[in-house]
Amino acid sequence: MGLLNLPDPIFGAIDGGMQPFLPATVRLIVWATIAGIGTLFLYRLVSPQGRIGHAKREARAARQRLNEFDGEFSDAGPLIRNQFLAAFKHLGLVFLPTLVSILPLLALLTWLESYYTHALPAAGDTPTVQVMPDTYDAQWVQQDDGPHVIVSDSELANVAITAPIPVIEQRHWWNWLAANPLGYLSAESGITRIAFDLPEPEYLPFGPGWMRHWLAVFFPIMTIVSLITYRWAKIE
């Protein structure tokens, strides 16, 4: 499990609780609302709001003094320096709180990408399976505990498809951050990649294909909710 996958059981439990009552599109709207409000309030909680507000007023005053300056450019050095100092002071105050507050958002986006981009095929449907190198033969097999992808030749790989992830690979260095819920292929197997053609759900009944992706629902809602929260909560 990667760092961003640590909250996955919580996300899965919440989404599973909503699933009997809400369609996928409405659940995405709920997640976007939670992300917009939660990210802003977490930022407010971990950031020094008073100092940030003071730094913003200092930066605004420094810009105003520079804009009102009517002398020679060579004499504007102190004003320019003060403007840059005020701007970097503001940046320094918000950088770490911003980084901390977006970590849960990145974890949620990672989980949504894993479970909302593709779907498991309907019962009786068998997706196309491709394996690299192509000297091996891979099959999608329905077993008692669910679908499996099995690579023949003494069963070099037998992967239970427990999540709608369309690819299985050997472990990469970045998987410490975001892991594959299906696990990884062993280096000893000689197989580098197994991919299968899973269906892609559409979350809007109109527009081109790209507009029906979960991102097209999630990000506009999250942006609107974030702006409303920012104004309403008077976050610096």
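Q: What does the lining of the largest pocket hold, by class?
A: The lining has 9 nonpolar, 8 polar and 2 charged residues. Ala, Val, Leu, Ile, Met, Phe, Trp, Tyr, Cys and Pro count as nonpolar, Asp, Glu, Lys and Arg as charged, and the others, Gly among them, as polar. This is a predicted model, where local features need pLDDT of at least 70 and side-chain atom pairs pLDDT 80 or more, while totals for chains, interfaces and linings use all residues. Residues are numbered from 1 along each chain, and side-chain values use heavy atoms, leaving out hydrogens and water.

Q: Which element gives the most to the lining of the largest pocket?
A: Helix 4 does, with 3 residues. A helix here is a DSSP run (H or I) of at least four residues.

Q: Why are helix 1 and helix 2 called oblique to each other?
A: Helix 1 (residues 8–18) and helix 2 (residues 24–46) pack at about 135°. Angles run from 0 to 180 degrees between N-to-C directions. Under 35 degrees is roughly parallel, over 145 roughly antiparallel, 65 to 115 roughly perpendicular, and the rest oblique. Helix 1 and helix 2 are therefore oblique.

Q: Which residues make the contact of helix 1 and helix 2?
A: Helix 1 brings Phe11, Ile14, Asp15 and Met18, and helix 2 brings Arg27, Val30 and Trp31. Contact means heavy atoms within 4.5 Å. By class, 5 are nonpolar, none polar and 2 charged.

Q: Which residues lie nearest the centre of the second largest pocket?
A: Asp15, Gln19, Arg27, Tyr115 and Tyr116 do, out of 14 lining residues. Helix 1, helix 2 and helix 4 each supply at least two residues of this lining.

Notes:
1 Å grid on protein atoms, 1.4 Å probe; cavity = no way out; pocket = protein on both sides within 12 Å on 5 of 7 lines; lining within 4 Å.
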